Amino acid sequence: MKLNITLLFILALFIGCKSSHKTASYDGKSGATKIVNTIHYPQEKHLKNIKQLTFGGDNAEAYWSFDGNKLVFQASNVWNLNCDQIFTMNITDDLSKGAKPQMISTGLGRTTCSYFLPDNKTIIYSSTHLADENCPPVPKKEDYGNKYIWPVYEGFDIFTADINGNQLKQLTFEKGYDAEPTVSPKGDKIVFTSTRTGDLELFTMNLDGSNVQQITDELGYDGGAFFSPDGTKLIFRSSRPKTEEDIKEYKDLLAQGLVQPTNMELYICNVDGSNLTKITNLGSANWAPFFHPSGKKVIFSSNHKTKHSFNLFMINVDGTGLEQITFDTVFDAFPMFSPDGKKIVFSSNRNNNGTHDTNLFIADWVE
């Protein structure tokens, strides 16, 4: 699941011990903490003309329409939202004065993981609103030995809506968690994560919800999958417990609708699940992967280098050539290249005046 950003702050705190979440520096003379708002770090040579798109709250998982003119994203802690809902905006919209973009979801339950369909008029997303109109409870890590955990709510199902928020169709009806849908650039298939077999596995289906096919079958959380530019491969994150202790912990948490995502690596496979290959072995949390337009590289978020902060990295599909792309001091994630490969959108805590706000940023991509 591509999760609530407030929870990710807890992850950064948990794995970063006492490190500060603020983009800040220490003033040696006064002893005060000085907030440093930065929108573009000098080392970020692949990014140019960075522009902030949202201004407050938790905004994340922004994904492009097929024509490259719009974004769909989830937001919370803004616009009087009780928990995450789905919105769409033009990339030229100005939200700096507090304007509220078009809401796509119902406003009930919790939502996540939205994506455009090829017609640029239909959006697929996950929601718990049929299971319960209220926001589902967020588990407390204090109840689980202070370990960082994600909920995988069994009330999540996958729906479509139009760009005006008119609800069109429910696509999944199985008991348990169905979420994290993304769409092939070929416009023929959806990949998603489901617990319908008792584990968190990847599945594909047609755009109308038919012809469901299981893709992965090894114990562990397989999720956050995206298609390659030619639609023939999938990139995804996975936690694959191996020891008896880790397997027991994974199964016990999953039985309670929970996962622990502090150790995830990236895998690539063919769209039918064949030729499964692990491409990272970095430790920590490596996630939110997306293919470079060439199909030969993957950009992703990781805290393997600095435990208290997440940055974007790029790696070849054979696991070589690791390169750091962003240099934020707290959190960068959810990168996605525009369909023409000329721009990139991502979520970041940069330029937030030391708060926990996560905003959307767009930039020109420089090879």
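This briefing covers the cysteines of the structure and the strand pairing around one of them. The model is predicted, with residues numbered from 1 along each chain as its sequence is written, and local features need a pLDDT of at least 70, side-chain atom pairs count only at pLDDT 80 or more, while totals for chains, interfaces and linings use all residues. Side-chain values use heavy atoms, with hydrogens and water left out. A search of the whole structure finds 1 disulfide, the term being used for a pair of cysteine sulfur atoms within 2.5 Å.

**The disulfide**

- C83 and C135 are joined by a disulfide, with an S to S distance of 2.3 Å.
- The disulfide is left-handed, because the torsion about the S-S bond of C83 and C135 is about -95°.
- Since C83 sits in the loop between β5 (70-76) and β6 (85-90), and C135 in the loop between β9 (122-127) and β10 (150-151), the pair ties together parts that are 52 residues apart in sequence; strands here are DSSP runs of E with at least two residues, numbered from the N terminus.
- C83 counts as buried, at 4% relative accessibility, whereas C135 is partly exposed, with a relative accessible area of 30%; buried means under 20% relative accessible area, exposed means over 50%, and partly exposed lies in between, for a 1.4 Å probe and protein chains only.

**Cysteines without a disulfide partner**

- C113 is in no disulfide, and the nearest cysteine sulfur, which belongs to C83, is 14 Å away; C113 counts as buried, at 0% relative accessibility.
- For C269, the closest cysteine sulfur is that of C113 at 18 Å, which is too far for a bond.
- C269 also counts as buried, with a relative accessibility of 1%.

**Strand β20 and its pairing**

- Strand β20, which spans residues 265-270, is mostly covered, as 5 of its 6 residues are buried.
- Strand β18 (residues 233-239) runs antiparallel to β20 and is joined to it by 6 bridges, where pairing requires that DSSP finds at least two bridges between two strands.
- Within this arrangement, F236 stands opposite Y267 in β20.
- Strand β21 (residues 277-278) pairs with β20 in the antiparallel sense over 2 bridges, and T277 in β21 is the bridge partner of I268.
- A hairpin is formed by β20 and β21 with 6 residues between them, and G273 in the turn has a positive phi of about 95°.

Methods. Helix = DSSP H or I, 4+ residues; strand = E, 2+ residues; numbered from the N terminus.
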